[in-house]
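Hi,

Here is the model I promised to pass on to you. Please open it alongside this note, and I will go through what turned up.

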Amino acid sequence: MLRELKEELAAGASAEEKVSALFSKIKKSKLNAYNNLSEDSAFKRAREFDSAPWSGLLAGVPIAIKSCISTRGIETNCSSRILEGYIPPYDAHVIERLKEEGAIIIGKTNMDEFAMGTSTESSYFGPTRNPWDLDRVPGGSSGGSAAAVAAGEAPCALGSDTGGSIRCPASFCGIVGLKPTYGLVSRYGLVSYANSLEQIGPLTLSVEDAALVMEVIAGHDKRDSTSIKSDVAYLSGLDGGVEGLVCGVPKEYFGEGVDPEVEKAVWDAISKLEVLGASWKEVSLPHTKYALAAYYIIAMSEASSNLARFDGLRYGLRLGADQDWHTTFSEIRAVGFGPEVKRRILLGTYALSAGYYGRYYLKALKVRTLIKQDFERALSTGGAGVLVTPTMPFPAFKIGERIEDPLSLYMADVFTVPINLAGVPAISMPCGFAGGLPIGLQIIGRHFDEKTVFRAAKAFEDATPYHETVPKEVA
Amino acid sequence: MAEKDVIIGLEVHVQLNKLKSKLFCGCSTDYHDSPPNTHTCPVCLGLPGTLPVLNKRAVEYAIRVALALNCEIQGETLFYRKNYYYPDLPKAFQITQYDFPIGLGGKILIKGEDGEEKTIRITRVHMEEDPGRLVHAGTIDRAKYSMVDYNRCGMSLLEVVTEPDMRSPKEARSFLDKLRNILEYLDVFDGDLEGAMRIDSNISLVGGERVEVKNISSHKGVEKALAYEITRQRSARRRGVAQVQETRHYDELRSITVTIRTKEEAHDYRYFPEPDLVPMRIADWVPRVEAELPELPDAKRERFVSEYGIADDHAKSLTSEIRVANFYEDVAKRVSPRLAAVWIADVLKGELNYRDVSIDRFSPDHLVEILDLLEKGKITEKGAVEVIRTILDTGGDPAKVVAAKGLAKAEDDAVMDAVRSAVAECAQAVADYRSGNEKAINFIVGMVMKKTRGRADPGEANRLVKEVLDET
């Protein structure tokens, strides 16, 4: 855990040795969690730290970064061929913050191409494997970050969550992942997939670690017009317990399509919270059934516009001799994007076209408003303080099992996408195992009330052993 | 040629080039003398992960313009993405306005074809970002390659869209001149900078389809392109060829328009609200911006007439450019306002136009000095013109020019000496005058002028000759 690591470093342990151990582990790994490592800059910084240690919330702590977050001087390819070799000239806001607080960036993690996926299988650089079972997916799209943290290839990592991309892999890999409230973490430097939905968040081994990383990366940034000032002292009051907390249990998140073992583990978790002093009540989020459709229309529409800039003209993929501009960029895009990205660009382009815009995009925005209202009602003052649900309807599936059937993959996001549509925060944390695979518990909070989410998660974590179990494959 | 069957509407792109920074990033707008791609940053280059941040001052400027064009300001306004592929557009979408533009339903007055004032309605005023600039190796249709300069990319633009209220190329030009005049009064725009104003013109003949002639940067170019289009469309109609809806390019060198695309090839821009920017509630800003609005050309013209008692034509000429109006007021405070109006509107502006230079080239102090010399009878009108020309051509100040060129009006004694000797020398003319031929005096005055090498005032010389003749 980060606190112990920080104490070791403060007591004189060598950051260089820590970083070196990580790199040798990564190089021997079968997981394919990283797209590229930043060995030179990481070693340089570690040596600087060892010779003159600095202070900071993450002083000397190595961290892995999802490949869609811009890092100055370190390749940021979004697991896409079209951006292979792209080295950004600037740092994302969160990277600046990590550096200010003393962290050491060790590399960029694998992901679904441009974050479009639930399994990390759509990466141009091949799938990442789940450390609990190498034949299974780590979840996605932040699969590399989650697998790395679960397998000890990074003490902590950043991911991004557009429709579950932090929580799904956290769930499948048995670690903690937080999707913050929309607007809490600056998106400046996050390569956009669906701007109105996504947030950067932490993937860690413990709730406390997630709260610590959030203290570093959250807060207002004037370069992101959707970012908002907020009190980010998440570590204080973390151990406040759940006495008197009302947990809402949305009935739409249980039943058909949910693995019975997942359902059982989540109900056990609810009972555990009850034992710890919380109460629970059933709530309803009646528009849940429209969430997937609305989510995919909004996400694909925005994506079709966001990804139009990748033409190979200024950076990224270039193929042989240039022809006229139109031919050249068309060929680069034809070769540079994978099938899932192309599918989403085409569908999004269609949804925004004249004559369809009102029928699809505008209607999806209306649904989104209704879903947001569902959450506001369920989480209103006097109602529930948090909602408790499964993160994913099932544990990690096999590599190749669903990739040929996009719709069944889209369906897997059914419990994560409504949270992005509503903009509320949600954490996923381990709450049991099914056939040796981790099960994720999702705790959803009110807008900007990460504190209550963390407090409930910490109470549950302190009372359960799941976060201490380490995957056999890498133990 | 006011022609009833000609219908013209304009879309004018105005660069708010007096802003210090670009519309969505901190890059400087002062790029005109810089090498290509030196005024750029990750945001205006559209690098992956960057986000736009709206320049508040740009919104203020836009409100200022919309108010000056008598538009209704929308209380809440927002940005959209206009999606299309073009190499000068690094994000492959332009952030612009669509529904809820900043201003709707304005109007301005121009001088119509018949000389009367005419109202041109403004449909809307909206904000958007400027794309970069393509530099073609050769002409646009034959270039082997093109280069992109992103210095301009992300500059604040206003698009001013008119109703189809103009009936001739001249009216279109008159509208553009007036718009530029207003923009310069508002101090948001420097029309002399390259690319400051780009105009798309829509022109059709009654009953025919609309043709858009895109991206002309000079007012004169618009006038010529429209004149060409009228002729072309008329002649097509005579030959029975129906005009299709199309977009054309104006080839400035050949003074013709060529087709770019027809309606079938029109883009679907897939507009949708820009998710990285939040809606702007600007209703509260409007009263302050309105209070700070400077005096506009029409109001200034009226004030000049009433305050300085000058002719309306002079007032119009003086207010057609803010710099000239300011120059006039500076001078009018120190010499006779009427005299100043005549000399600036009728003389100085002509000399400036002839040399194609702006009024900044002439000092108001110098004009005050010149008019002062004139009023005191120290120089003649002809001499004053000579001083102005000399200063414009070779510099210097009025006193020195007058001395160097010997333009000082001759001293009265010297004139009187010349008069006496002229009367003595022109016996025949004196006799003729005395016998009743009053015109004979002109010969004597001519002699005086000759003797004084033109420095005597002719009227004064005439008076003195009479005086001498009457006393002897």
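This is a predicted model: local features need pLDDT of at least 70, side-chain atom pairs count only at pLDDT 80 or more; totals for chains, interfaces and linings use all residues.

A:Phe448 sits in the loop between β11 (437-445) and α15 (450-462) of chain A. Its phi is positive, at about 60°, although A:Phe448 is not a glycine. Most residues other than glycine have a negative phi, and most peptide bonds are trans.

Chain B has a residue of this kind too: B:Asp356 is not a glycine, yet has a positive phi of about 55°. You will find B:Asp356 in the loop between α8 and α9 (364-375) of chain B. Is B:Asp356 buried or exposed? B:Asp356 is exposed, because 6 other C-beta atoms lie within 10 Å, and the label applies at 12 or fewer.

As for the peptide bond, the one from A:Gly140 to A:Ser141 is cis, with omega near 10°. A:Ser141 belongs to the loop between β3 (104-109) and α5 (143-150) of chain A.

For the complex, the predictor gives an ipTM of 0.95 and a pTM of 0.90. Chain B has a mean pLDDT of 92, and 98% of its residues reach 70 or more.

**The two chains**

Chain A contains 15 helices and 11 strands. Its C-alpha trace spans about 70 × 65 × 45 Å along the principal axes. Among the contacts in chain A with a separation of 6 or more, 76% are between residues 24 or more positions apart.

Chain B comes to 15 helices and 16 strands. Here the C-alpha trace spans about 95 × 55 × 45 Å along the principal axes. A compact globule of 472 residues would have a radius of gyration near 23 Å, but that of chain B is 30 Å. Buried residues make up 41% of chain B. When contacts in chain B between residues at least 6 apart in sequence are taken, 68% of them join residues at least 24 apart.

Which domains make up chain B? They are domain 1 (6-289), domain 2 (295-404) and domain 3 (412-471). Between the C-alpha centres of domain 1 and domain 3 of chain B there are 66 Å.

**Where the chains meet, and the cores**

The contact between the chains takes 32 residues from chain A and 24 residues from chain B. On the chain B side, 16 of these are nonpolar, 3 polar and 5 charged.

The largest nonpolar core has 251 residues, and A:Ile63 and B:Val65 touch the most other members. Helix α9 (residues 288-306) of chain A gives the most to this core, with 9 residues. From chain B, domain 1 (6-289) and domain 2 (295-404) each supply at least three residues to this core. A second, separate core has 17 residues, among them B:Val423, B:Cys426, B:Val448 and B:Ala461.

Which residues does B:Val65 contact, apart from its neighbours within four places in sequence? The partners are B:Val125, B:Leu158, B:Leu183, B:Leu186 and B:Val188.

**A few spots in chain B**

In α6(B), the buried residues are B:His314, B:Ala315, B:Ser317, B:Leu318 and B:Thr319. They pack against α5 (297-308), α7 and α8 (337-355) of chain B. B:Glu321 lies in the loop between α6 (312-319) and α7 (322-332), and is buried, with 20 other C-beta atoms within 10 Å. Although B:Glu321 and B:Thr262 are 59 residues apart along the chain, their C-alpha atoms are separated by 39 Å.

B:Arg142, in contrast, is exposed, with 8 other C-beta atoms within 10 Å. B:Arg142 is placed in the loop between β8 (133-136) and β9 (146-149) of chain B. From B:Arg142 to B:His366, 224 residues apart along the chain, the C-alpha separation is 52 Å.

Best wishes

Notes: Residues are numbered from 1 along each chain as its sequence is written. Chains are lettered from A and ligands numbered from 1 in the order in which they are written. Two residues are in contact if their C-beta atoms, placed from the backbone, lie within 7 Å. Ala, Val, Leu, Ile, Met, Phe, Trp, Tyr, Cys and Pro count as nonpolar, Asp, Glu, Lys and Arg as charged, and the others, Gly among them, as polar. A nonpolar core is a set of buried Ala, Val, Leu, Ile, Met, Phe, Trp, Tyr and Cys residues joined through C-beta atoms within 7 Å. Helices (H or I, at least four residues) and strands (E, at least two) are DSSP runs, numbered from the N terminus. Domain bounds come from an automatic or database domain assignment. The radius of gyration is taken over C-alpha atoms; the globule rule is 2.2 Å times the number of residues to the power 0.38. pLDDT is the predictor's confidence in each residue, from 0 to 100.
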